[in-house]
Amino acid sequence: MAGRILGRLRARSSPGPLLRYEAQGPVAVVRLRCPEGRCGTEHGYAWIAACAGHGFRCVACGAAFSAWLGEVAALAVEGAAIVRRYRLEARGLGGELAAFAFTDASGARFAPAPGSGVLLVHDARGVLREVVDRAAGTRIHLVARQACFVATAVYGPGAPELAVLRRFRDRRLGRHAWGRLLVRAYYRNGMGLARFLVGRPRCTRLVRQALGLVVAMLRTRERP
Ligand SMILES: [Zn+2]
């Protein structure tokens, strides 16, 4: 099974950091993307075929992260339009069954068939950040629950403006293909903007003014 999920395995003969594990079996190279928002560097990391989970250190930024590889046993999807809740049961490379629950608000299509390989990447805090369908090549990026990171950076968590923006995302944007594209672009790039705003009060004020106009307009439209 390991060979099917990992692709072509190759024996490592050259000395490297994983040399001491060679007794456990063949080592494959798996391409992983660093889950740290500002980095995102993709690189091929050595993977011992017998183990489902491994810890890594990003070659570019040095951040610790971990990845888990298995094959889909069952996948249940709830919700429609943009926000989808997934319950994934997968069998790891060692044969163990593991369950993962995650919510994605990016509008991405993620539907790996039973038996196909899935890769789950967790950040240094153990938060699931990316799920990859290895056969289809599709991946979903997961962000924090509140997920409106630019608005959260501008208004602070729990602000009433966030609820207005979230309703707009779920009720209006989710209905249209262009809306889903917009949301997906936002989730891909918004984290960088949110980080940029930290410690830049003048820029934050400008974004707050611009978002304020949007929120005011949405509130007017929400009134019966
Ligand atoms: Zn990195």
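## Overall composition

Of the 224 residues in the chain, 38% count as buried, where buried means under 20% relative accessible area, exposed over 50%, and partly exposed in between (1.4 Å probe, protein chains only). This is a predicted model, in which local features need pLDDT of at least 70 and side-chain atom pairs count only at pLDDT 80 or more, while totals for chains, interfaces and linings use all residues. Residues are numbered from 1 along each chain as its sequence is written, and side-chain values use heavy atoms, with hydrogens and water left out.

The chain holds five helices and nine strands; helices (H or I, at least four residues) and strands (E, at least two) are DSSP runs, numbered from the N terminus. Their order along the sequence is α-β-β-β-β-β-β-β-β-β-α-α-α-α. Among contacts in the chain with a separation of 6 or more, 49% come from residues 24 or more positions apart; contact means heavy atoms within 4.5 Å.

## Nonpolar cores

A nonpolar core is a set of buried Ala, Val, Leu, Ile, Met, Phe, Trp, Tyr and Cys residues joined through side-chain atoms within 4.5 Å. The largest one has 30 residues, and Leu32, Trp47 and Phe102 have the most contacts inside it. At least two residues of this core come from each of β1 (27-33), β2 (42-48), β4 (64-78), β5 (84-92), β6 (97-104), β7 (117-122) and β8 (128-133). The most is given by β4, with five residues.

Not counting residues up to four places away in sequence, Phe102 touches Arg84, Arg85, Tyr86, Leu88, Phe110, Leu128, Val131, Ile140 and Leu142. Another core, of nine residues, lies apart from the largest one and includes Ala105, Val154, Val183 and Tyr187.

## Packing of α3 and α5

Two packed helices are described by the angle between their axes and the distance between the axes. For helix α3 (residues 160-171) and α5, the axes come within 10 Å and cross at roughly 65°. Axes are lines fitted to C-alpha atoms, for helices over the stretch in contact, and angles run from 0 to 180 degrees between N-to-C directions. The two helices are therefore roughly perpendicular to each other; angles under 35 degrees count as roughly parallel, over 145 as roughly antiparallel, 65 to 115 as roughly perpendicular and the rest as oblique. The crossing of α3 past α5 is left-handed, a term used if the near helix is turned anticlockwise from the far one by less than a right angle, with right-handed used if clockwise.

On the α3 side, Pro160, Glu161, Val164, Leu165, Arg167 and Phe168 meet Leu211, Val214, Val215, Leu218, Arg219 and Glu222 of α5. The residues of this contact divide into eight nonpolar, no polar and four charged. Here Ala, Val, Leu, Ile, Met, Phe, Trp, Tyr, Cys and Pro count as nonpolar, Asp, Glu, Lys and Arg as charged, and the others, Gly among them, as polar.

## Individual residues

Leu211 lies in helix α5 (residues 201-222) and is buried, with a relative accessible area of 17%. Leaving aside neighbours within four places in sequence, Leu211 is in contact with Ala151, Tyr155 and Leu165.

Arg166, in helix α3, is partly exposed at 27% relative accessible area. Gly115, in the loop between β6 and β7, is also partly exposed, at 31% relative accessibility. From Gly115 to Arg91, 24 residues apart in sequence, the C-alpha to C-alpha distance is 8.9 Å.
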